[in-house]
Amino acid sequence: MNIIVCIKQVPNTTDVRIDPVTNTLIRDGVESVINPFDAYAIEEAVRLKERLGGKVTVLTMGPPQAENALKEAIGLGCDKAVLVSDRKFAGSDTWATSYTLACAIKKLEGFDIILCGKQASDGDTAQVGPGISTHLDIPQVTYVKKISEIDDKAARVERMTEEGYDIVETPLPCLLTVVKEINTPRMPSLKGMMRAKSAKIAKWTADDIEADPAALGLDGSPTRVVKIFTPEPRKGGEMLSGSASDVAKELVELLKEAVL
Amino acid sequence: MLTEQQTMVRDLARKIAREKIKPVAAHYDETEEFAWPIMKILGDSDLFGVHLPEQYGGLGGGILDMCLVTEELSRACAGIALGFAGTGLGALPILLHGSEEQKKKYLPDIAKGKRLAAFCLTEAEAGSDAGAIKTTARKEGDKYIINGTKQWITNAGEAEIYTVIALSDKAKGIRGASAFIVEKGAKGMDFGKKEKKMGIRASATREVIFTDCEVPAANLISREGMGFIVAMKTLDTSRPGVAAQAVGIAQGALDHALDYSRTRVQFGQPISSFQAVGHMLADMGTQVEAARALAYSVARLVDSGAKSVSKESAMAKLFASDTAMKVAVDAVQIMGGYGYMRDYPVEKYMRDAKITQIYEGTNQIQRNVIAANMIKETLQK
């Protein structure tokens, strides 16, 4: 089975800070990691490979340093890695990003299944996975928490909903986005890390993937970011004191005044 | 100071300790279960093979690599770390003295963590006086028949590969000792009840009982009569590992005490701002660093292929284990009542630290070894 995993390198969320002046993410000195949700996609891909044979290709669009995320993925059991990187991609929104990734996927030698994390921990849009399937015109199932059955023709998966889960059958090739309930990602292995160190990462530009230049980067992005801001922190509450009945009466009055 | 590979080994061990062991350390300490899920992770991550040669599935590192893993794991839980370190110890006789066939047969599984190992020397009447062992191995055709009981064997019952020291020629006393590989499941091999311990409770400690236990003659390590030499060489090589375990315990206890001292407020300020506490922390930090430096330097000496490391490895074990005990006691002291409560993790470090002064040769025996070697060196001058 040919499996593709799309990943993103994101700032480690444990130390994200926002520049109060520009309202943008401070990336300087912040460690970059594989998007935590993508780690589940990598693990699921490697498990599918271990069960069914085949190979796992890990793909990312990003700056040159995103190579580190790809190497880490190889250390975790992926076989091949492709970095799609070009200045022309700068300013891509989720539409342009998914177009770019779809172009790169078309250049790979075929696939049975594409796995993505449900969303990235920095942008939180959850749009790139579905976008890729749209550009490739293949079925998609989002928020997958279990692949119950799979062969080279079709898959039956459990799709998480707020109330429980749906059982969905889809023909292959398809794209799945996965949630953290799907597995527990393994720890890296030393031999995997050694392999990763010497692994060759393919680097593809906009020309290599034969993308339409007008559909790339800022120009290819219909989304316009008007403003990014940090919401005002919630103000501290007011403590009422006194007997329970007095406090209850006072609270009712206050709620009336607030006209909720 | 560390090579790129050693840094990678240490960082991965640290990551596993932090993310996988730390959250379950209290659970395994309380239940005394053997942490098989953690052993699986260590195996899959290739950590069991860091010090084993590449041709046997290892990563080609040395004792220092093994020490780095032991230290990092012990920082989270010395009991769980012992599943790893005890396997390292049990595999050493094969690594140091085994035949090519024996290495090929056993080391790859050990490197992968597929099978754990254990070292069987101690008996009820042979603790510090290891030369007093009574277990016998009688040759019959192409087999040895082992009889006797080994006591307080780390990983016993869980491990599948046991290296056992037994007397193949009782008349020669300890010069008649030989080392054998016994696989779990061998006819006539049984395990005693699991011991209840003060600390390292996640580690399995049992008797290994041999009753007319048949072992193929091919499982003899080295030659007949080499058993005690194999045992001593094994312990000389592994002692930096005990030192590393002690350093890990000390560092773990210090980590907790330091965190606590910065958040615990008394008299309107964090207790770390009181000189009495600050100086304790400074001493603890200095002692841990000194113990680590000694442990690493002796591990490097072992890895350099030095002919005799008895004195130095005894020094590392002695100093690091005394440091672990002292630092763990001080960590409890800094945390006061909280330190004494079992809902907080430092009392466990204090219980775990104690064993490092006792096993693989009590610290009194280490001092005997050190003094004897020092005196011998003067005579040689």
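1. A quick definition to start: a crossing is called left-handed if the near helix is turned anticlockwise from the far one by less than a right angle, and right-handed if clockwise. By that convention, α3(A) and α4(A) make a right-handed crossing. Helices here are DSSP runs (H or I, at least four residues), numbered from the N terminus.

2. Please keep in mind that this is a predicted model, in which local features need pLDDT of at least 70, side-chain atom pairs count only at pLDDT 80 or more, and totals for chains, interfaces and linings use all residues. Residues are numbered from 1 along each chain as its sequence is written, and chains are lettered from A in the order in which they are written.

3. Back to chain A: the axes of α3 (residues 94–107) and α4 (residues 128–136) cross at roughly 55 degrees and come within 8 Å. Axes are lines fitted to C-alpha atoms over the stretch in contact, with angles from 0 to 180 degrees between N-to-C directions. The two helices are therefore oblique to each other (under 35 degrees is roughly parallel, over 145 roughly antiparallel, 65 to 115 roughly perpendicular, the rest oblique).

4. Residues are in contact if their C-beta atoms, placed from the backbone, lie within 7 Å. Among those joining α3(A) to α4(A) are A:W95, A:Y99 and A:I105 on one side and A:I132 and A:H135 on the other. This contact has eight nonpolar, five polar and no charged residues (nonpolar: Ala, Val, Leu, Ile, Met, Phe, Trp, Tyr, Cys and Pro; charged: Asp, Glu, Lys and Arg; polar: the others, Gly among them).

5. In chain B, α8 (residues 275–303) and α9 (residues 310–340) have axes that come within 9 Å and cross at roughly 155 degrees. That makes α8(B) roughly antiparallel to α9(B). Their crossing is left-handed. The residues that meet include B:M284 and B:L294 of α8(B), and B:F319 and B:V327 of α9(B). By class, there are 16 nonpolar, three polar and three charged residues in this contact.

6. The largest nonpolar core has 187 residues, and A:V5, B:F180, B:A295 and B:A328 have the most contacts inside it. Such a core is a set of buried Ala, Val, Leu, Ile, Met, Phe, Trp, Tyr and Cys residues joined through C-beta atoms within 7 Å, where buried means 20 or more other C-beta atoms within 10 Å of a residue's own. Helix α7 (residues 227–263) of chain B gives the most to this core, 15 residues.

7. Looking at B:F180 itself, its contacts beyond four places in sequence include B:Y144, B:V164 and B:N219.

Conventions
Contact = placed C-beta atoms within 7 Å. Buried ≥ 20, exposed ≤ 12 C-beta atoms within 10 Å, placed from the backbone.
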